[in-house]
Amino acid sequence: MLDFIVASLADGLLLGFVYGIAAMGLSLIWGVMDVINLSHGPIMALGMFGIYFAFTHLGLNPYVTLPLVAGGGLLLGVLIYTVAVHRIINAPHLSSLLATFSVNMIIIGLGTAAFTTSPRNVDFSLGSVSLGPITLPWTRVAAALAATLVTGLLYLFLYRTRTGKSIRAVTNNRAAAELMGIPSSRVLALAFGLGTMLAAIAGGLIATFFPFTILAGGTYQLRSFVICVLGGLGNPLGALIGGLLLGALEGIIPAFMETSWVPALEFVLFVIILLVKPSGLLGSKT
Amino acid sequence: MKPFAGTHGKQWRNHGLWLALAITAAVALWPTLAGNKAYAREVTFTILKAVALASSLNILLGYTGYVSFGHIVFFGLGGYVGFYLLSVHSLPLYVAVLAGALSAGLLAFLLGKAILRLRGAYFALATIGVNEAARSFIKNFQPFGGPIGMTLNFKAYQAYGGPSQALWIAYGSMAILTLAVILVSFLIRTSRFGLSLMAIRENEDAAEVMGVVAPNAKTWAYVLSAVFPGMVGVLFFFKNGNIEPGDAFVLHQSIETIVMVMLGGQGTVLGPLLGAAAYQRLRGLLLVSPLFKNIQLTVAGVLLLVIILFVPAGVVGWLRSRFPRLRRVLE
């Protein structure tokens, strides 16, 4: 029993890194522009399909394709921002929720027509590694490493480059940033793109170890919300820690009850945190 | 505070109310005059169902300004409870309908107490999870048949004079229910309670300062908007003859209902009615067209996006602001 828990805990923690960067994308967009991106899930699904097609049709290694998927995610995000979000950036939340949701419907509708909803699988394996009772597939370890790398790069970008600093300036106070000559529209578009890029990367990494359909993004999007409130909306590092927490929980829960209860429990956890401490467990400023 | 103390008596002379009721009644009577009665009845049932769902969602989305992404959960839960009473306990239909309403209302009350303390976006996030959580609960809940669901014994229809008669009873009840939703929606809109909801929509803090007890008002709006979908669910699954988790908690239906409300005009009585009817007709046309049948959801998405970006008030709202004289007719 204990062995099982340790093994599934390690498994869950590695998965948590990937959940973490998906949630970080959501959190970044929320922090910078107060928009909850409801098209997050479908973009993750597109990331999965990107890896899938490059692997099955072109035979490319998923880790080689990942930067391309990331680039695609960035461009898609800038496009979504320009078309759907920019006009209503100052409108009440209702508008931005519904606008990003309509993007969700558009992607899911087109995706279902093009790829159908039959499950896909990237048949890719790197073998596995054993440490005592724990046996881990290398793909999980690689995904966790990639997620850590992406987080590190994101922090370098946000804190060490001029563009990154403008993103943080716009987060703090958009009006003041504009007065300092920062082109806020372009910064917002870039921030939205970075958020969707993280979603696409997370999707791509998940594709290397789980089967998926075009609708798979939905559950991961829901998880990203749970993680975001765990870590505090608008706090990227909190999102990573929240991801690890949720991954650990998902590793442990199946030891005690059936896996099909996991979504219900996650939702209950989500509501409890929202009620008790809406600024998040690791709450920063709200 | 008297909840429905509006401008006393005057509301019955409102043209907008009678227009909305007349349109609904005309639509509901169409199958009795149509050539192919059974076909017309099925089409109209779908339209009336959409109208009832959209008008009830409007109480929360349009009047109160809170988005519920999982409103279909009340349709599903009400349907399940009613169906359970119909099939396992062989209770009459009206008891099942009342039980459906009661259970949906109770769930909304409890959920409302819990998650309506959350403002705007946080509430919307929570409702996305409600539907998923309810579906995974029902799938694991054995008395309701778990993942397989339940089927109504064919004999159950005998009590209503045979299956064909039972379908007409379900249809008639649906029509009356839809008229009731429209009436309630209108009464709320013209009442003091409705005014407090709209005050919350415009500015919740200011509304509270003016003496609106926002958590209570929001909870009652949520309950009222949940009761009718619960009843619609019972009628729909009674007509359907079987129920399973995949049919009862279809997330797409929640979203399509939002599109209907936004299309017609959120916060108006006539808007959801016209929006739902128009959307259902459009959907019917798209489903039979070879080009669009696979990307029906995309078309709905584009429609929603265009409305939000360019006509956020919806068709009725746009007409009302463009032609002020129409305000007396388009409530």
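Thr116(A) is exposed, with 12 other C-beta atoms within 10 Å. This residue of the predicted model lies in the loop between H4 and strand E1 (128-131) of chain A. Its phi is near 55°, a positive value in a residue other than glycine. Phi of Ser90(B) is positive, near 50°, and Ser90(B) is not a glycine. Ser90(B) sits in the loop that links helix H3 (72-87) to helix H4 (93-115) of chain B. Ser90(B) is exposed, and 11 other C-beta atoms lie within 10 Å.

The largest nonpolar core comprises 208 residues. Those with the most contacts inside this core are Val18(A), Ala22(A), Met48(A), Ala191(A), Ile201(A), Ala202(A) and Leu235(B). Leaving aside residues up to four places away in sequence, Ala202(A) touches Val18(A), Ile21(A), Ala22(A), Met44(A) and Gly47(A).

The axes of helix H1 (residues 2-33) and helix H8 (residues 184-207) of chain A come within 8 Å. They cross at roughly 165°. Angles over 145 degrees count as roughly antiparallel, and H1(A) and H8(A) are therefore roughly antiparallel to each other. Their crossing is left-handed. H1(A) contributes residues including Val18(A), Ile21(A), Ala22(A) and Gly25(A) to the contact. From H8(A) come Ala191(A), Gly195(A), Ile201(A) and Ala202(A), among others. By class, this contact has 19 nonpolar and 3 polar residues, with no charged residues.

H9(A) and helix H10 (residues 236-252) pack at an angle of about 115°. Their axes are 8 Å apart. H9(A) passes H10(A) in a right-handed crossing. On the H9(A) side, the contact involves Arg223(A), Val226(A), Ile227(A), Cys228(A), Leu230(A) and Gly231(A). The residues they meet in H10(A) include Gly238(A), Ala239(A), Gly242(A) and Leu246(A). The classes here are 8 nonpolar, 4 polar and 1 charged residues.

Finally, the two chains meet. In chain A, 31 residues are in contact with 36 residues of chain B. Helix H4 (93-115), helix H9 (217-231) and helix H11 (262-276) of chain A each supply at least two residues of the side that touches chain B. H4(A) gives the most to this side, with 15 residues. By class, the side of chain A that touches chain B has 25 nonpolar, 5 polar and 1 charged residues.

Notes: Residues are numbered from 1 along each chain as its sequence is written. Chains are lettered from A and ligands numbered from 1 in the order in which they are written. This is a predicted model: local features need pLDDT of at least 70, side-chain atom pairs count only at pLDDT 80 or more; totals for chains, interfaces and linings use all residues. A nonpolar core is a set of buried Ala, Val, Leu, Ile, Met, Phe, Trp, Tyr and Cys residues joined through C-beta atoms within 7 Å. A residue is buried if 20 or more other C-beta atoms lie within 10 Å of its own, exposed if 12 or fewer, and partly exposed in between; C-beta atoms are placed from the backbone. Two residues are in contact if their C-beta atoms, placed from the backbone, lie within 7 Å. Helices (H or I, at least four residues) and strands (E, at least two) are DSSP runs, numbered from the N terminus. Ala, Val, Leu, Ile, Met, Phe, Trp, Tyr, Cys and Pro count as nonpolar, Asp, Glu, Lys and Arg as charged, and the others, Gly among them, as polar. Axes are lines fitted to C-alpha atoms, for helices over the stretch in contact, and angles run from 0 to 180 degrees between N-to-C directions. Angles under 35 degrees count as roughly parallel, over 145 as roughly antiparallel, 65 to 115 as roughly perpendicular and the rest as oblique. A crossing is left-handed if the near helix is turned anticlockwise from the far one by less than a right angle, and right-handed if clockwise.
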